[in-house]
Amino acid sequence: VMADSALKVGETSTLTITFSEAVTGFDNADITLANGTLSTVATADGGVTWTGTFTPTDDIEDATNVIAVGTGYSDLSGNAPLAGASTANYTIDTKEPVVSSVIMADSALKVGETSTLTITFSEAVTGFDNSDLTLANGTLTAVASGDGGVTWTGTFTPTDDIEDASNVIVVGTTLTDLAGNAPLAGASTANYTIDTKEPVVSS
């Protein structure tokens with residue numbers, strides 16, 4: 001039995017193997033793992049129950065995994081088991097989401113213009129909204145996703161009556177993928193310019 005059947009970044013799980021009676025000659029060589037490592041199994045009750053700590057492999061997503069126990073051991077009388085056994089399926093998601101791109105459709109905004117902001121992640125994310133964005137010289141409609149959380153868009157409206165050649169929008173890291181993994185880093189748009197100051201006849 002795996003104590004945790006849905007492992008994400010930073011998690012481990014206790015693996016518990018219980019036999020009908022005490023066994024001898026049982027060790028990690030009798031265990032086949034999927035996508036991880038296991039500490040040396042040990043027993044505290046004379047060989048009936050064995051435990052170890054499973055650590056999933058980093059940077060993978062795999063929904064189908066089992067740990068199998070073989071037959072290379074025996075009970076205290078020397079009888080080998082007729083068959084081994086496996087854990088129930090467990091999932092692993094140790095891949096952090098990545099901000100793939102942050103793009104302003106219009107990088108030179110003037111009076112009366114708006115621009116679509118498109119943020120694309122490497123996988124679907126949750127908990128993402130405008131509080132995760134830092135804006136320069138403008139406002140943004142509430143970002144929304146039409147594909148389950150991979151691509152997010154909003155409409156940027158520049159502040160009126162300014163001239164600024166250096167602006168970026170920054171995506172933070174207070175979001176997670178669907179497994180609960182937070183990104184390691186955020187990202188920013190390329191620079192965009194704003195000139196929403198109309199010329200004036202000075203004299």
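Which residues gather in a patch of negative charge on the surface?

## Basis of the model

This is a predicted model, in which local features need pLDDT of at least 70 and side-chain atom pairs count only at pLDDT 80 or more, while totals for chains, interfaces and linings use all residues. Residues are numbered from 1 along each chain as its sequence is written, and side-chain values use heavy atoms, with hydrogens and water left out.

## Surface charge

The patch of negative charge on the surface consists of Asp160, Asp161, Glu163, Asp195 and Glu198. Patch residues have over 30% relative accessible area and no salt bridge, and like charges are joined within 9 Å. A salt bridge here is a side-chain nitrogen of Lys or Arg within 4 Å of a carboxyl oxygen of Asp or Glu.

Within this group, Glu163 belongs to strand E21 (residues 163–164); strands are DSSP runs of at least two residues. Glu163 is exposed, at a relative accessible area of 53% (exposed means over 50%, buried under 20%, with a 1.4 Å probe and protein chains only).

## Aromatic pairs

Rings of Phe, Tyr and Trp (its six-membered ring) pair if their centres lie within 6.5 Å, and planes over 60 degrees apart count as edge-to-face. The count comes to eight aromatic pairs. Phe26 and Tyr73 form an edge-to-face pair, at 5.3 Å centre to centre and 80 degrees between the planes. This pair links distant parts of the chain, 47 residues apart. Both Phe26 and Tyr73 are buried.

Phe121 and Phe128 have ring centres 5.2 Å apart and planes at 80 degrees, so this pair is edge-to-face. Phe121 is buried at 3% relative accessibility, and Phe128 is buried at 5%.

Terms used
Patch = residues over 30% accessible without salt bridge, like charges linked within 9 Å, V, L, I, M, F, W, Y side chains within 5 Å. Areas by Shrake-Rupley, 256 points an atom, 1.4 Å probe, with all protein chains shown as cover. Lys, Arg positive; Asp, Glu negative; His and termini not counted. Charge placed at Lys NZ, Arg CZ, Asp CG, Glu CD. Helix = DSSP H or I, 4+ residues; strand = E, 2+ residues; numbered from the N terminus. Phe/Tyr/Trp six-rings, centres within 6.5 Å; stacked < 30°, edge-to-face > 60°.
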